[in-house]
Every structure is written in C-alpha cells, then in structure tokens.
Amino acid sequence: MTLEPCTMCAGAIQQSRVDRLVYGARDEKAGAAGSLWDLVRDRRLNHRPEVIEGVLAGECSRLLTEFFRSR
C-alpha cells in the first residue's frame, strides 16, 4: 500500500483479520493507522494487525504528489 489507509479501509483491514499492514506515506488529513486515528491498533478491538509504516515514504509521497499534480 502506498498511502496510510483511511477509516473505511482500516476498518476493512481490521475486520478481515489482516496480519500485517505495510504502507509508505502517512495521511495527516484522513489516516486511520496512526496519524489522525489509530483504528487498526485500538485496544478495544479483538484483532490488531502489525503496522509497519514509512516504507519508501519519500518515494510514495513523490508518486502521489506527481499523480495529483498532473490531474
């Protein structure tokens, strides 16, 4: 995954019992895996996947910026 998942995607990840979530760029506006919210690691839920963030963060951010700039 390139961008931190939103609340809807984080909920789907949690409900699907995904073991590990790996993403590059944080989403400070809508991220739900550590930046704005932390739905996937909420202690009140019975499943909490391992979260690995920041993998190739610079490259992921650059790709997203270039894509939306061209639109």
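Buried here means under 20% relative accessible area, exposed over 50%, and partly exposed in between, using a 1.4 Å probe and protein chains only. The views below come from a predicted model, where local features need pLDDT of at least 70, side-chain atom pairs count only at pLDDT 80 or more, and totals for chains, interfaces and linings use all residues. Residues are numbered from 1 along each chain as its sequence is written, and side-chain values use heavy atoms, leaving out hydrogens and water.

**View 1. His47 in its loop.** His47 sits between β1 (20-23) and β2 (50-53); strands are DSSP runs of E of at least two residues, helices runs of H or I of at least four, numbered from the N terminus. His47 counts as buried because its relative accessibility is 13%. Its side chain comes to 2.9 Å from the backbone oxygen of Val18. Beyond neighbours within four places in sequence, His47 has contacts (heavy atoms within 4.5 Å) with Gln14, Arg17, Val18, Asp19 and Val40.

**View 2. The largest nonpolar core.** Such a core is a set of buried Ala, Val, Leu, Ile, Met, Phe, Trp, Tyr and Cys residues joined through side-chain atoms within 4.5 Å. Eight residues make it up: Ala10, Ile13, Leu21, Tyr23, Ala32, Ala33, Val40 and Val51. Two or more of them come from each of α1 (7-15) and β1. Setting aside residues up to four places away in sequence, Ala33 touches several residues, including Leu21, Tyr23, Val40 and Val51.

**View 3. Val55 in its loop.** Look for Val55 between β2 and α2 (57-70). Val55 counts as partly exposed because its relative accessibility is 38%.

How values were computed. A polar contact is a pair of N or O atoms within 3.5 Å; within protein, one must be able to donate a hydrogen and the other to accept it, and residues adjacent in sequence count only if both atoms are side-chain atoms.
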